[in-house]
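Grab a pencil and work through these exercises one at a time. Try each task yourself before you read its solution.

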Amino acid sequence: MDWGMKNRLSRLFNTKTGKCVWLAIDHGYFLGPVSNLEDPAKTIKPLIPFTDALMLTRGILRNCVEASLGVPFILRVSGGNSIAGPALSNEGIQTCMEEALRLNASAVAISIYVGTEHEHQTLMALGKLVDEGQRYGMPVLAVTAVGKELEKRDARYLGLSCRIAAELGASAVKTYYCENFSSIIKSCPVPVVIAGGPKLETELDALKLAHDAIKEGASGVDMGRNIWQSPRAVGMIKAIRGIVHDKMPVKEAGKLLK
Ligand code: 5RP
């Protein structure tokens, strides 16, 4: 692996544990001002010390994150869709590699929509991004998006999407936790991280999700709503760190919620 690619990946995955706690705040690129993320700068300020990397768009990065903080970030470069539009799967690359390099991103992220009418365009976009990433030493994170069809989140569908993403050259894949998650891990040759999805009923439910995913082989989390929509967001991210980096059981991690 090229030095630059290796260096970027080492900013994202903790070099001691090999795992990651990324904070996803990219939701606005198609959802607009999501609850508790209306003012991203305010939301993330107390969470940054416990975050291995942020996942966000260039607009939020430039306007809401101090460059001098030095926090690593994964730049979402796909978009062009919205919750108000006809098809969430109709995404393309809307931020170029030059911009990712200029901003000093540690990786770029793109959603793929396997099994949709826009499957081909999103997979071709992934291939193009990987080619550019290889040229410049930039890892590509593929996100196995399901749009509004949350019921798609099963091992058969996500396993298919993760494997395709890896085959097309993604350095890592972000997907959802589901029943038989270990089968996804077994058939995906690159690190798999999980999203949290919509806010679960309790914080312990979200901790259990993270715990089970790590136990079954996930390389970490790229979680958003279950952290920053919690009234105890700092406690939540500390607890998630305990699970991911310190192998804490849910009960012990739950004590970090304050
Ligand atoms: C949107 C994304 C989000 O980053 C992802 O869904 C993670 O956030 P959450 O834990 O809130 O689901 O990729 O497409």
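**Exercise 1. Work out how α9 passes α11, and which residues make the contact.**

Step 1: α9 passes α11 in a right-handed crossing (right-handed if the near helix is turned clockwise from the far one by less than a right angle, left-handed if anticlockwise). Helices here are DSSP runs of H or I with at least four residues, strands are E runs of at least two, and both are numbered from the N terminus.

Step 2: Keep in mind that this is a predicted model, where local features need pLDDT of at least 70 and side-chain atom pairs count only at pLDDT 80 or more, while totals for chains, interfaces and linings use all residues. Residues are numbered from 1 along each chain as its sequence is written.

Step 3: The axes of α9 (residues 203-215) and α11 come within 9 Å and cross at roughly 25 degrees. Axes are lines fitted to C-alpha atoms, for helices over the stretch in contact, and angles run from 0 to 180 degrees between N-to-C directions.

Step 4: α9 and α11 are therefore roughly parallel to each other (under 35 degrees; over 145 is roughly antiparallel, 65 to 115 roughly perpendicular, the rest oblique).

Step 5: On the α9 side, the contact uses Glu 203, Leu 207, Ala 210, His 211 and Ile 214; α11 brings Met 236, Ala 239, Ile 240, Ile 243 and Val 244. Contact means C-beta atoms, placed from the backbone, within 7 Å.

**Exercise 2. Find which residues have the most contacts inside the largest nonpolar core.**

Step 1: A nonpolar core is a set of buried Ala, Val, Leu, Ile, Met, Phe, Trp, Tyr and Cys residues joined through C-beta atoms within 7 Å. Buried means 20 or more other C-beta atoms within 10 Å of a residue's own, exposed means 12 or fewer, and partly exposed is in between.

Step 2: The largest such core has 77 residues, and Val 108, Ile 110 and Ile 240 have the most contacts inside it. Helix α11 (residues 233-246) gives the most to this core, with 7 residues.

Step 3: Now look around Ile 110: leaving out residues up to four places away in sequence, its contacts include Val 77, Ile 93, Leu 126 and Val 140.

**Exercise 3. Is Leu 150 buried or exposed?**

Step 1: Find Leu 150 in the loop between β7 (140-144) and α7 (155-167).

Step 2: Leu 150 has 10 C-beta neighbours inside 10 Å, so it counts as exposed.

**Exercise 4. What is the phi of Asn 36?**

Step 1: Look in the loop between α2 (28-31) and α3 (40-44), where Asn 36 is found.

Step 2: Its phi is near 80 degrees, a positive value in a residue other than glycine.

Definitions and conventions: Contact = placed C-beta atoms within 7 Å.
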